[in-house]
Amino acid sequence: KPFKTKLFLSHRSRFILNQSFLSQIVLYFSLTIYFISPKKIIHIANSKVIYSSKLIRFLLKGTPINIKNCYEFNENKSINKKLPKNKKLLKITIIGRFSNEKGYDLLFKSLSKVDFKYSLTCIGKGCSLNNKRFRNLCHKNSIRAKVYEKINNINKAYIESDFIVSASYSESFPNVVVESLLNGTPVICTPTGPFLNLLREFNLVSKSFKSDDLTKLMNYAYLLRRNDKEYQTVRKKLK
């Protein structure tokens, strides 16, 4: 309503990890204002993990509004992913803005040590060779990738990939994981976010945030993709 606009805030679960000092100040400042005058600010969360902190729950005097993420998809759509006999490249895609918490450094370092050939696609704000930090990180790890800051058909990117990689150091509710699985593409991820038990069932979660562990997981994913029957079973169960 005019002249009655309130400030809405939503934050990732582990906001201190790889978050700027300014971002942390904004969160605590908003929580403090809310504690003093709840009518001024409304906090929104999309995961219980976000407000699991005792301090945040104390300042909020309870729990914030919980709005679940949603994604439209055709449940009855059949997605076939046939493996060509001469296929040698593993098609990997990472979707997310180029930032510290998204783990591009971890992924690139891991890929520099894998035992197979791959094609990498990076999609997200900052994924551009005009971005000096992104370009330098690629050069440092000898990474060649197709890069797009945005694309028109995100579903096509999911479907055409063998695996989506979520290399984040911190996640509350990663939409990319949900969207990828609903499109029939398995996800390789670091040990963060609410889907760990689901993905661990198929050995798709790295043991730690160390590059060596993610490299081992990548090598396993390549072998899984070469076994087309097993790969199809995994992707259908996940979907």
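Which residues are exposed on the other side of α9? The structure is a predicted model, in which local features need pLDDT of at least 70 and side-chain atom pairs count only at pLDDT 80 or more, while totals for chains, interfaces and linings use all residues. Residues are numbered from 1 along each chain as its sequence is written, and side-chain values use heavy atoms, with hydrogens and water left out.

Helices (H or I, at least four residues) and strands (E, at least two) are DSSP runs, numbered from the N terminus. In helix α9 (residues 228–238), Tyr231, Gln232, Val234, Arg235 and Leu238 are buried, that is, under 20% relative accessible area, with exposed meaning over 50% and partly exposed in between (1.4 Å probe, protein chains only). These residues lie on the same side of α9 because they cover an arc of only 165° around the axis, taken from the directions from the helix axis to the C-beta atoms. Lys229, Lys236 and Lys237 are exposed on the other side. The buried residues of α9 pack against β7 (163–166), α6 (175–182), α7 (196–200) and α8 (211–226), contact being heavy atoms within 4.5 Å.

In β7, Phe163 and Val165 point one way and Ile164 and Ser166 the other, and all are buried. Strands pair if DSSP finds at least two bridges between them. Ile164 is the bridge partner of Thr93 and stands opposite Val187 in β8.

The structure holds zero disulfides, a disulfide being a pair of cysteine sulfur atoms within 2.5 Å. The sulfur of Cys127 is 5.3 Å from the closest cysteine sulfur, in Cys122, too far for a bond.
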